[in-house]
Amino acid sequence: MNKTPYALDFLWHQIELIRNNVRKPKYKELLNKIFENKEMVELFEKAKDRKGRNYQNGILERTASVGSLAMCLYDNYPTVDIDLILTGVILAGFRDALGRPFFYKYVKEYPEVAEILYKKSRKKPKVEYFLFDEIFKIDERLFNSIKRKEDRDGSSF
């Protein structure tokens, strides 16, 4: 497969839903700065996800998927800082598309965001870090399980 089987409009709609659920002004401001940079957005949209969705638009697809999983958390755990998790999910896609060292300069002034995105920066354990890491693992397991089943059955998305 050379690119995502999903319509880009659908994936961008998911990203916008995730982004619109971020309520904290400082995170909204950070996301707005990132999304204003058209070159970065284009790289994000086209990038492959080397961990599973190793095809064009793979990171966009993964971000939409992980963000949708993350939004399900808030209904059951309202004390979790969902704004931090959702911001982290979106920015993880940009980080992976642009390169970890290069992207750090955009988040270093937001220590809690830098900590969620860069494990080595984490000073103490937080439930949000655990959830952030686990949501990505759940998505990866689901994606790989579905992919293996399709490979066995000869079907596709």
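1. Tyr104 counts as partly exposed, at 33% relative accessibility. Accessibility is computed with a 1.4 Å probe on protein chains only; buried means under 20% relative accessible area, exposed over 50%, and partly exposed in between.

2. This is a predicted model: local features need pLDDT of at least 70, side-chain atom pairs count only at pLDDT 80 or more, and totals for chains, interfaces and linings use all residues. Residues are numbered from 1 along each chain as its sequence is written, and side-chain values use heavy atoms, with hydrogens and water left out.

3. Nine aromatic pairs are present in the structure. In one of them, the ring centres of Phe103 and Tyr106 are 5.6 Å apart and the planes stand at 35°, so this pair is tilted. Rings of Phe, Tyr and Trp (its six-membered ring) pair if their centres lie within 6.5 Å; planes under 30 degrees apart are stacked, over 60 edge-to-face, and the rest tilted. Both residues belong to helix α6 (residues 100–107), three residues apart, about one turn of the helix. A helix here is a DSSP run of H or I with at least four residues, numbered from the N terminus. Phe103 is buried at 0% relative accessible area, whereas Tyr106 is partly exposed at 27%.

4. Tyr104 and Tyr118 have ring centres 5.2 Å apart and planes at 85°, so they form an edge-to-face pair. This pair links distant parts of the chain, 14 residues apart: Tyr104 is in helix α6 and Tyr118 in the loop between α7 and α8 (127–153). Tyr118 is buried, at 11% relative accessibility.

5. Trp12, Phe35, Phe44 and Phe94 are linked into a cluster by ring pairs. Over the ring of Phe35 sits the charged end of Arg19, 4.1 Å from the ring centre. The criterion is NZ of Lys or CZ of Arg within 6 Å of the ring centre and within 35 degrees of the ring normal.

6. Helices α1 (residues 8–20) and α3 (residues 38–46) pack at about 115°, with axes 12 Å apart. Axes are lines fitted to C-alpha atoms over the stretch in contact, and angles run from 0 to 180 degrees between N-to-C directions. Leu8, Trp12 and Ile15 of α1 make the contact with Val41, Phe44 and Glu45 of α3; contact means heavy atoms within 4.5 Å.

7. Glu115 lies in helix α7 (residues 111–117) and is buried, with a relative accessible area of 10%. Neighbours within four places in sequence aside, Glu115 contacts Ser121, Arg122, Lys123 and Tyr129.

Notes: Helices (H or I, at least four residues) and strands (E, at least two) are DSSP runs, numbered from the N terminus.
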